Amino acid sequence: MNLRRDVFQAIADPTRRAILVLIATQSMTAGAIASNFDTARPTVSKHLQILTECELLEQEQKGREVIYSLNPKKMKEIADFIEPFRKMWDDRFNKLEAVMKKYKK
Amino acid sequence: MELKTKMHAEDGKSDLTITRDFDLPAELVFKAHVEPELFEQWMSHEYGKVKVVKFEPRKHGGWEFETSGPDGTVVFRANGTIHEFVPDKKITRTFEMDNSPFDVQLEFLQFEAVTNDTSRLTINSIYRSPELRDQMLKLPYAAGLSMAHDRLQDTVGKLR
């Protein structure tokens with residue numbers, strides 16, 4: 001059974017962030033990704049597995065190789081995670097403005 | 001839609017800056033933060049009514065407020081200490097949520113006049129670690145997901 005992983009925990013790791021940056025411009029095989037890191041290949045594989053479980057990466061089987069590519073939809077979700085917090089404060093401050101405009105009169 | 005509230009949270013840092021421009025003089029924005037009845041008005045929302053339990057506007061004074069749900073039970077409580085209180089200009093305070101795993105945070109609120117009728121509020125919050133900051137930022141995100149989930153359950157429940 002695959003435990004659902006926390007996507008924010010996934011991107012907290014510097015190697016995994018580096019993988020995402022690397023893959024952002026082009027799809028790559030696991031081997032090609034690993035060759036960019038000094039880390040042992042099984043370690044890179046583990047990182048790829050975590051990123052895939054979080055749906056940040058998509059896998060495609062091509063012959064004997066697996067090609068990894070970025071899932072832009074999931075990446076956008078992360079970029080947006082701060083938005084509900086900002087929205088909450090924006091709503092509050094809009095209300096503050098309305099309350100104080102009425103108070104002024 | 002462009003939100004008037006800006007937020008700056010750098011990756012891996014343990015602080016956060018909120019900036020908001022108001023169509024109000026700085027004194028009124030300040031007043032909204034220090035007059036309990038006004039604070040209660042703008043902090044309350046459809047899911048919760050805010051009540052100021054304690055507010056001592058001075059150095060080393062304490063503050064406390066609570067939020068009650070629609071049925072009147074207290075669902076949220078927060079407290080802290082004021083470290084600096086400069087009328088119309090600045091409040092430095094700590095913020096702590098009751099019964100939560102979050103450590104206390106330090107907040108600097110700065111009120112600046114832009115023109116006679118407009119002003120800017122800058123809040124710089126400092127958390128104990130970048131992880132705690134990110135968890136705090138995710139609270140409304142998580143609440144939103146959970147609310148969407150509840151709505152889904154409601155809808156599915158009615159279909160049965």
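How many helices and strands does chain A have? This predicted model gives chain A 6 helices and 3 strands.

## Fold of chain A

Along the sequence, the elements of chain A come in the order α-α-β-α-α-β-β-α-α. Chain A has 105 residues, and 20% of them count as buried. Among contacts in chain A with a separation of 6 or more, 53% link residues 24 or more positions apart.

## Strand pairing in chain A

Strand S3 (residues 65-70) of chain A pairs with strand S1 (residues 28-29) of chain A through 2 bridges. The two run antiparallel. One bridge partner pair is A:Met28 with A:Tyr68 of S3(A).

S3(A) is also joined to strand S2 (residues 57-62) of chain A, here by 6 bridges. This pairing is antiparallel too. A:Glu60 stands opposite A:Ile67 of S3(A). S2(A) and S3(A) form a hairpin with 2 residues between the strands. In that hairpin, A:Gly63 has a positive phi near 65°.

## The interface, from the chain B side

The contact between the chains takes 19 residues from chain A and 22 from chain B. Several elements of chain B each supply at least two residues to the side that touches chain A: strand S1 (5-8), strand S2 (15-22), helix H1 (26-34), H2 and helix H3 (130-159). H3(B) gives the most, with 6 residues. By class, this side of chain B divides into 14 nonpolar, 3 polar and 5 charged residues.

Helix H6 (residues 83-104) of chain A packs on helix H2 (residues 36-43) of chain B. Their axes lie 8 Å apart, at an angle of about 135°. H6(A) and H2(B) are therefore oblique to each other. Their crossing is right-handed.

H6(A) makes the contact with A:Arg92, A:Lys95, A:Leu96, A:Val99 and A:Tyr103. H2(B) answers with B:Leu38, B:Gln41, B:Trp42 and B:Met43. The contact of H6(A) with H2(B) has 6 nonpolar, 1 polar and 2 charged residues. As background for reading such lists, an α-helix has 3.6 residues a turn, so residues three or four places apart point the same way.

## Buried residues of H1(B)

Which residues of H1(B) are buried? They are B:Ala26, B:Leu28, B:Val29, B:Phe30 and B:Ala32.

Notes: Residues numbered from 1 in each chain as written. Chains lettered and ligands numbered in written order. Predicted model: local features only at pLDDT ≥ 70, side-chain atom pairs only at ≥ 80, totals over all residues. Axes fitted to C-alpha atoms, helices over the stretch in contact; angles between N-to-C directions. Helix = DSSP H or I, 4+ residues; strand = E, 2+ residues; numbered from the N terminus. Parallel < 35°, antiparallel > 145°, perpendicular 65-115°, else oblique. Left-handed = near helix turned anticlockwise from the far one by under 90°. Contact = placed C-beta atoms within 7 Å. Nonpolar A, V, L, I, M, F, W, Y, C, P; charged D, E, K, R; others polar. Buried ≥ 20, exposed ≤ 12 C-beta atoms within 10 Å, placed from the backbone. Pairing = 2+ DSSP bridges.
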